[in-house]
Structures are given as structure tokens and as C-alpha cells.
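Please read them with the structure open.

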Amino acid sequence: MQTAALILAITVPGEAAFDQIVRRHEAQVLRIAYRVLGSWADAEDVAQDVFVRLHRHGTDFPQDAAIGPWLYRVAVNLCIDRSRRKRPTSELREVVSSHPSAEKELLHSERKRLLMLALATLPAKERAAVVLREIEGISTAEVAAILGSSEATVRSQVSKAIARLRTQLNSESI
Amino acid sequence: MNDEELQNLLRDMRDDPVPPDSLVRMRAGLEHRISRRPHWKIAAWLVSCAAVAVLALLIQRPTAVHRIADRPAFTHERQFRPPETPRVDSPTPVRQAIHRTRRRKPAEYPQLAIRIETPDPEVVILLIADQPERNF
């Protein structure tokens, strides 16, 4: 038993560093995957794949700041692959609030739900660009690096996506 | 909804919390997948070691211990036969020897010359024989 534990320790170096990275980035990776895929179950699968790849790749990055973009790039690529394989769907989560004066909150939640549905109709790359830049607040340069395209392309994708979202939300006006 | 409202809504989504059950499920799945890999590696390592050991045993010549163990017990009734002489078949038929007689070369003999001097000094009889069988 001791030998097995020793072998495990040898074959999996930097386990503490790996755990730290997972704890630091798991929520954001999950959120990005959810926004792109529209389903928490799919987002969990993608996040697992992302961290399994990180485990295989190892935690030796030239700079600590390079880990985040690397993780988001892997996550977005996996999401795009997955959304190409099956049509994007959005979970219709039931909005229930126990708060007594929840009318405004309910309206806000409903708008978010509709926004998620509208996001699901966008092409995968446009959706990823909007999620990364507008929702996650990542800079255009970083989004371009993550998506493997130019900054101009990202700007164009984001503006096109926002125009489409606005049209769609206005047609369903709440 | 105008652009500003839309962008505010998008920005608002940034702070949406991840459902705790999703985080728990993701962590559990990740833990399972990562801990499974080293076990698989260990199993592969053990199998390869076993394969090498079996290969080494197969390559090794059988030892005396194995032969004694495999041999049936010795009995006095056992009759020993002289080993049969192995029949040796020549792989290719032998061709009969062809005896050829060579023509003998004629022996070379030294020429025989008999010089007979007569009373006349200017007359000399010279007898020359080139073969010894001939009689002159």
C-alpha cells in the first residue's frame, strides 16, 4: 500500500500546485463553458476535460499569468467542438424567488434567461467572443489570443453578436 | 432594449454564481478521472514487467531440475535397446566414376650413334639408331 502511494506520488508531480490552479480557475472555466454551451451538465464535462488536460500538460508555465488564458483557450475550443457536434440548447431553469419584493429580481432573471437563449442561437465563435469579452471582461487582445484570431476579427464578431442579441431580445420584448 | 442595457445585462451575468452542486460534481468527476490514470499506469507497468519476466523464462534454456521433474520414474523392467544406427541417405545420387585412359606420350630416348672408322681416314661409317627396338 505504501509502495502504491509512493508510485502515485512519483507519477503525479506538483499535485498541490495543480489543486491550487483548479481552485482558482474552476468557477470561471465552468461559467465560460456554461455561457457558450447553455447547459451546466455539458459545462461540467468540459471543465473536467480542461483540468484533465492541464494535469496531463503539467503546471509548468513560463509565467503564472499564462495559466488562465491557456485554460480559457482549451475550454473555448472544447466548447466550440462540442457545440458543433450537437445543436446548442439552453436549459430553461425555473425562476423561483422566495424574496417578498421579488418582482424586479424576477424580471431581471427572466431577461438573463432570454439572453442565454439568444446567446445559444449565435455561431460558436461569435458566442465565445461575446462571452469572453462582454461577460467575463477579458481584454480584446487576450480574447484574440484565446480564439486564435486577430483583434479586429474579435471586435467585428462582438459587434455583430451584440446587434443580433439586441434584435432578438427586442423581438421578445419584456 | 438598447445597447447600454444589453451591455449592463451582460456585465451583470459576470457575477452570477456557479451552482454549488455543479462545482461539486465537476470536482468529483475530475478527482475520479485523475486518480484513475495512475492506477492504469501502474497496471500497465506491472503487466509489462510480467511480460518481460515470462519472455526471459521462455528464452532461458530448460534447467536440469525441469528435466528430472518431467522424466518418468526409473524402473528395472525397462528394456534398453541399442540405439539404432541412423540410416544415412545421401542427399544426391553419386555419379559413377568415369575412367579415362590417357594416351601415353612416347618416351624420349637418347639417340644411339655408332661410329666405325675405316682404314681410310676419310671414310667413317656412322650408324644412328633413333629407337632402341629397331635392330640394325
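**Helix packing and the chain interface**

1. α3(A) passes α4(A) in a right-handed crossing. This is a predicted model. The two axes, α3(A) and α4(A), come within 9 Å and cross at roughly 135°. That angle makes α3(A) oblique to α4(A).

2. Which residues of α3(A) and α4(A) meet? From α3(A) come A:Asp42, A:Asp45, A:Val46, A:Asp49, A:Val50, A:Phe51, A:Arg53, A:Leu54 and A:His57. From α4(A) come A:Trp70, A:Leu71, A:Val74, A:Ala75, A:Leu78, A:Cys79 and A:Arg82. By class, the contact of α3(A) with α4(A) has 10 nonpolar, one polar and five charged residues.

3. Next, helix α2 (residues 15-37) of chain A and helix α3 (residues 40-57) of chain A. Their axes come within 8 Å and cross at roughly 145°. The crossing of α2(A) and α3(A) is right-handed. On the α2(A) side the contact residues include A:Phe18, A:Ile21, A:Val22, A:Val29 and A:Leu30. On the α3(A) side they include A:Trp40, A:Val46, A:Val50, A:Phe51 and A:Leu54. The contact of α2(A) with α3(A) divides into 15 nonpolar, two polar and four charged residues.

4. α2(A) also packs on helix α4 (residues 67-85) of chain A. The angle is about 30°, and the axes are 10 Å apart. Angles under 35 degrees count as roughly parallel, so α2(A) is roughly parallel to α4(A). This crossing, of α2(A) past α4(A), is right-handed.

5. What makes the contact of α2(A) with α4(A)? α2(A) supplies A:Ile21, A:His25, A:Gln28, A:Val29, A:Ile32, A:Ala33, A:Val36 and A:Leu37. Among the α4(A) residues are A:Ile67, A:Gly68, A:Leu71, A:Tyr72 and A:Ala75. The contact of α2(A) with α4(A) counts 12 nonpolar, four polar and one charged residue. A:Leu71 of α4(A) also meets α3(A).

6. Now the interface. Chain A and chain B bury about 3,300 Å² between them. Carbon and sulfur atoms carry 65% of that area. The contact takes 40 residues from chain A and 27 residues from chain B.

7. Which three residues supply more of the area that chain A buries against chain B than any other three? They are A:Glu44, A:Gln48 and A:Lys112, with 16%. A:Glu44 is also one of the α3(A) residues in contact with α2(A).

8. How many salt bridges cross the interface of chain A and chain B? The rule finds five. A:Arg35 forms a salt bridge with B:Asp16. Their closest N and O atoms are 3.8 Å apart.

How values were computed:
Residues numbered from 1 in each chain as written. Chains lettered and ligands numbered in written order. Predicted model: local features only at pLDDT ≥ 70, side-chain atom pairs only at ≥ 80, totals over all residues. Heavy atoms only, no water. Axes fitted to C-alpha atoms, helices over the stretch in contact; angles between N-to-C directions. Helix = DSSP H or I, 4+ residues; strand = E, 2+ residues; numbered from the N terminus. Left-handed = near helix turned anticlockwise from the far one by under 90°. Contact = heavy atoms within 4.5 Å. Nonpolar A, V, L, I, M, F, W, Y, C, P; charged D, E, K, R; others polar. Parallel < 35°, antiparallel > 145°, perpendicular 65-115°, else oblique. Buried area = accessible area lost by both parts, 1.4 Å probe. Salt bridge = Lys/Arg side-chain N within 4 Å of Asp/Glu carboxyl O.
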